[in-house]
Amino acid sequence: LRAIMGPGYSILRIAGRMKIIQNKQGETMYIWPMIHPSFGVREKSVRPTMEKHWLDLSDWLQSGDHLH
């Protein structure tokens, strides 16, 4: 996460929210940080949030918004 987004980002704060960045070649990159599934299995309180994030990602992919 730090390699792409830079320092100061916590996965639990930004998970489930798409970020749009430009790479060094000027190409658009869509970054969708996610909670790791094994963390959701171990931490039951996080599971509903994690599942919602995966559903949101699925909806976005199906919408085709990333193809414009």
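Hi everyone, let's start on the surface: Leu1, Tyr9, Ile11 and Leu12 make up a nonpolar patch there, with about 330 Å² of accessible area together. A patch here takes residues with over 30% relative accessible area and no salt bridge, joining nonpolar side chains (Val, Leu, Ile, Met, Phe, Trp, Tyr) within 5 Å and like charges within 9 Å. Areas come from the Shrake-Rupley method with a 1.4 Å probe, and for residues only the protein chains shown count as cover.

A quick word on the source: this is a predicted model, where local features need pLDDT of at least 70 and side-chain atom pairs count only at pLDDT 80 or more, while totals for chains, interfaces and linings use all residues. Residues are numbered from 1 along each chain as its sequence is written, and side-chain values use heavy atoms, leaving out hydrogens and water.

Helices (H or I, at least four residues) and strands (E, at least two) are DSSP runs, numbered from the N terminus. Is Leu12 buried or exposed? Exposed, because its relative accessibility is 52%; the cut-offs are under 20% for buried and over 50% for exposed, with partly exposed in between.

Next, the whole structure has one salt bridge, meaning a Lys or Arg side-chain nitrogen within 4 Å of an Asp or Glu carboxyl oxygen. Lys52 and Asp56 form it, at 2.6 Å from N to O. Both belong to helix H4 (residues 47-63), four residues apart, about one turn. Lys52 is partly exposed at 47%, and so is Asp56 at 23%.

Finally, antiparallel strands S1 (residues 19-22) and S2 (residues 28-31) are joined by four bridges; pairing needs at least two DSSP bridges. Gln22 partners Thr28 in S2. In the hairpin's turn, Gly26 has a positive phi of about 85 degrees. Thanks, everyone!

How values were computed:
Buried < 20%, exposed > 50% of the residue type's maximum accessible area, 1.4 Å probe, protein only.
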